[in-house]
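Here is a short report on one protein chain. Take a look at the sequence and the model, then read on.

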Amino acid sequence: QVQLVESGGGLVQPGGSLRLSCVASGSAFSIYGMGWYRQAPGKQRELVAVININGMTNYPGSVKGRFTISRDNAKNALYLQMNSLKFEDTAVYYCTQSGGSGWSPPKYWGQGTQVTVSS
């Protein structure tokens, strides 16, 4: 049974930074693509960042240049470094694991961690 546990969310001022972490268990972490999604109140869940098993990444334009996804296969860990945070980044952030090695849609989801950007 795959488990994804996020941490690192919180309250931050606009322009600030946060680093989210996700620890995975129950699967061979290194052979699966991983990702971060988010859902703001009243909005649909959206992609934030994905990384494949070779470390290739992809971001939507809304976060490109501000967010960085990375993985540490030795620790079964996924990270999201978020810089220059904006009010519109406020959301619940979810760690995901895909069903394959690339950027395919998530098969497993964590429980989410809240990120609030507020002054």
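## A buried arginine

Arg66 is buried, at a relative accessible area of 10%. The cut-off for buried is under 20%. This is a predicted model, and every value in this report was computed from it.

Which residue does Arg66 pair with in a salt bridge? The partner is Asp89, with the closest N and O atoms 2.7 Å apart. Arg66 sits in the loop between strand S6 (57-58) and strand S7 (67-72), and Asp89 in the loop between S8 and S9, so the bridge ties together parts that are 23 residues apart in sequence.

Is Asp89 buried or exposed? Asp89 is buried, with a relative accessible area of 1%. Its side chain also meets that of Arg38 in a salt bridge, at 2.9 Å from N to O. This pair links distant parts of the chain. Arg38 belongs to strand S4 (residues 34-39), while Asp89 lies in the loop between strand S8 (77-82) and strand S9 (91-98). The two residues are 51 residues apart.

Arg38 is counted as buried because its relative accessibility is 5%, and buried means under 20%. Arg38 also forms a salt bridge with Glu46. The closest N and O atoms of that pair are 2.6 Å apart. Glu46 has 35% relative accessibility, so this residue counts as partly exposed.

How many salt bridges does a search of the whole structure find? The search finds three. Arg38, Glu46, Arg66 and Asp89 are linked in a network of salt bridges.

## The fold as a whole

The chain has zero helices and 11 strands. Read from the N terminus, the elements run β-β-β-β-β-β-β-β-β-β-β. Among contacts with a separation of 6 or more, 58% are between residues 24 or more positions apart.

Why does the radius of gyration agree with a compact globule? A compact globule of 119 residues would have a value near 14 Å, and the chain has 13 Å. Along its principal axes, the C-alpha trace spans about 40 × 25 × 25 Å.

## Surface and charge

Of the 119 residues in the chain, 40% are buried. The chain exposes about 6000 Å². Carbon and sulfur atoms supply 49% of that area.

The side chains include 10 positive and 5 negative ones. The centres of these two sets lie 4 Å apart.

## Thr57 in strand S6

Thr57 is found in strand S6. Its relative accessible area is 30%, so Thr57 counts as partly exposed. The class lies between the cut-offs of under 20% for buried and over 50% for exposed.

What does Thr57 touch, leaving out residues up to four places away in sequence? The contacts are Val50, Ile51, Ile69 and Trp103. Thr57 and Met34 are 23 residues apart in sequence, and their C-alpha atoms are 9.7 Å apart in space.

## Loop residues with positive phi

Asn76 has a phi near 55 degrees, a positive value in a residue other than glycine. Where is Asn76 placed? Asn76 is in the loop between S7 and S8. At 25% relative accessibility, Asn76 counts as partly exposed.

Ser84 is not a glycine, yet has a positive phi of about 50 degrees. Ser84 lies in the loop between S8 and S9. With a relative accessible area of 40%, Ser84 is partly exposed.

## An exposed lysine

Lys43 lies in the loop between S4 and strand S5 (46-51). Lys43 counts as exposed because its relative accessibility is 58%, and the cut-off for exposed is over 50%. Lys43 and Ser84 are 41 residues apart in sequence. In space, their C-alpha atoms are 22 Å apart.

Conventions:
Residues numbered from 1 in each chain as written. Predicted model: local features only at pLDDT ≥ 70, side-chain atom pairs only at ≥ 80, totals over all residues. Heavy atoms only, no water. Helix = DSSP H or I, 4+ residues; strand = E, 2+ residues; numbered from the N terminus. Rg over C-alpha atoms; globule rule 2.2 N^0.38 Å. Buried < 20%, exposed > 50% of the residue type's maximum accessible area, 1.4 Å probe, protein only. Contact = heavy atoms within 4.5 Å. Areas by Shrake-Rupley, 256 points an atom, 1.4 Å probe, with all protein chains shown as cover. Lys, Arg positive; Asp, Glu negative; His and termini not counted. Charge placed at Lys NZ, Arg CZ, Asp CG, Glu CD. Salt bridge = Lys/Arg side-chain N within 4 Å of Asp/Glu carboxyl O.
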